[in-house]
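Please open the model in a viewer and keep the selection panel at hand.

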Amino acid sequence: MSHQKAAQEIIKSVGGVDNVNSVYHCITRLRFELKDHDKVDSHSFKKIEKVMGTNVSGDQFQVIIGNEVPKVFDAMVKEYPELAQAKESEQTKKPDKKQNVILKIFETIAGVFAPMLPAITAAGLLKGLLALLSSLGWISVGTDTYRILSAIGDGVFYFLPMLIAASAARKFGSNPFVALALSTALMYPDMGTLLSGEAAVSFLGIPVTAVSYASSVIPVLLAVWILSYVEKWVDKIIPSALKLLLVPLISLLIMVPVTLIAIGPLGTVIGSGLSGGINWLLDEGGLIAGIVLGGAMAVITMTGMHYALVPVILSNIATLGFDKFLPLTYISNMGQAGATLGVFIRAKDKNLKSVALSTSFTALMGVTEPAMYGINMKYKRPFAAAMIGSAVGGGFGLAFGAKAYVLAGNGGLPGLPALVGQTFWYSLIAMILAFGVAVIMTVIFGIREEEAEQETTGKSDVTASASSVAATETTETTSVPVAKEAAVVSELPETPVPTEDATAVAPMTGKAVPLSEVNDPTFGEELMGKGVAFVPSIGKLASPVTGTVMNVFKTKHAIVVRSDNGMELLIHVGINTVKLRGQYFESHVATGDRVQAGDELLTFELDKIAENYDITTAMVVTNTADYTEIRPLKLGDIRTGEAVLAARL
């Protein structure tokens, strides 16, 4: 498909040129501001060869294309000149319609709970392991060791409002320490004693409803959201010299009583209503609800809707001691794993068989993205088979009341301790059913073997060389190519074919995390290639290899470096930081420069960027296809210069 044809199909799919307020591109995707999102034909994007997927971020509709996005954008502007006439940027132009409220709620909940998940899942997994060990008689309940381990697991859930307060403050733009202070007032032991007593409680004569805030979710979430507005209002009326003292004081004096009197009871009612409604569906729906939800779980996860259920899940576990929705996530993952194993059985192409087998194993371990996006969705029939298997498993699971007793954070075999309890065997049988039916249905449906070559060719757009990215990249907010950069790139040496294994060092100090934790599908789903991500603690970016700078983007938020042994690395600082248009970034190298591993490439004002943007930094190997294995060498705390990524031929 030509770039012009792709541009025409994309504009048609977003509702026509009259539905576009503005459009620009970053290094991987087209970013549309649309007048009416309801006019978007999401299904038609699947038929466009150059489109890898779509994503909605706030009011912005994004079309993921990969390295050819500049060419598609240029063809689009050439075909529809009126798109080049927009005078206002995406940052300043006000949309004609308010943002979809449901999408905004999903985005907000995801933004609050995603940073907390490591702590919650670690505690949940420990609670599951303790339950397993005690049921086997390997540890005695009540011993000092058991109580200490229980404190690690239970403490996180008991003081959950404090975790939510800290994370919500970051999301809503409130002072995190003031938000924590608000939550500590609610969790203060004497406050709990006061509210749990038999006598009526009042504040300045106003009745205070007795509510337990331990393990609660919705009340503190609402309280911190309102706190963010109260802080801003108080900040406006307090003289500068007194802000540090009075803004936090007045904010707390307002918000703690308001939370106790109104927000807490309201949040409890909302939380109980949500939990009650969903639990009613899971309890009364039985087999039918299991079939529908089990079959749809993969789609629910893809859209991010599962994040909206995290508060309900946590509330159920805290109040009921179990949750019926979580087993469906395990069942769905087993369906994806079974479908890819079916592809392994039916495929004739050796490369496809190898990829299918490996992704089936990773899906069994609870990591389904490679299986779902790399195999099942590409070949379509396996994805349908996975949904059928998940529907069968979900129907069985809910029919027999399968439950999860802790939030383990892993929906695969490593997370099985979360299901240990009275219904464990029902959950396990449901998972086996989902896996087995998905295998059988995939074998029956088969796959179109000729799609293997087509899909591999399509993937070359994702793993194209970094020099191609550099040569085609344009100024990310205009349609005018950067001629000077293109000229420099044309003089760079020809991209060598890697001839040996390669290693990259950490380009920044902070925390190394799996690429799947990047809250952006282009990187998180490895559409640009495999790699590793970082949460920086210092605003400095160094070269991960000895080699050549292939491109420094005009917006300075991303850079491409190619090592002397042929490994090509794209380093993208933050998520959506293209919107800053270079503000807070300073480049210390230019395209074509030679660098040694550890040489400073960029510096950036970390605190200012982090106020409005996720600063997680992705480092991906854009020529992933040249290697048989790419894996992180170290995760967790890391310093610049430590070996972090290995690529094997």
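How many aromatic pairs does the structure hold? The structure holds six, where rings of Phe, Tyr and Trp (its six-membered ring) pair if their centres lie within 6.5 Å, and planes under 30 degrees apart count as stacked, over 60 as edge-to-face and the rest as tilted. This is a predicted model, in which local features need pLDDT of at least 70 and side-chain atom pairs count only at pLDDT 80 or more, while totals for chains, interfaces and linings use all residues. Residues are numbered from 1 along each chain as its sequence is written, and side-chain values use heavy atoms, with hydrogens and water left out.

Select Phe 396 and Phe 400: their rings form a tilted pair, 4.6 Å centre to centre with 35° between the planes. Phe 400 is partly exposed at 42% relative accessibility (buried means under 20% relative accessible area, exposed over 50%, partly exposed in between, with a 1.4 Å probe and protein chains only).

Next, select Phe 424 and Trp 425. The ring centres of Phe 424 and Trp 425 are 5.3 Å apart and the planes lie at 75°, so this pair is edge-to-face. Phe 424 is buried at 17% relative accessible area, whereas Trp 425 is exposed at 59%.

Two lysines come next. The charged end of Lys 232 sits over the ring of Tyr 229, 5.7 Å from its centre; the criterion is NZ of Lys or CZ of Arg within 6 Å of the ring centre and within 35 degrees of the ring normal. Lys 353 lies over the face of Phe 344, at 4.5 Å from the ring centre.

Now colour helix H7 (residues 176-187) and helix H9 (residues 218-237), whose axes come within 10 Å and cross at roughly 135°. Helices (H or I, at least four residues) and strands (E, at least two) are DSSP runs, numbered from the N terminus. The axes are lines fitted to C-alpha atoms, for helices over the stretch in contact, with angles from 0 to 180 degrees between N-to-C directions. H7 and H9 are therefore oblique to each other (under 35 degrees is roughly parallel, over 145 roughly antiparallel, 65 to 115 roughly perpendicular, the rest oblique).

Finally, select His 37, in the loop between strand E2 (29-34) and strand E3 (53-57). His 37 is partly exposed, with a relative accessible area of 28%. Gly 15 is 22 residues from His 37 in sequence and 8.3 Å away in space, C-alpha to C-alpha.
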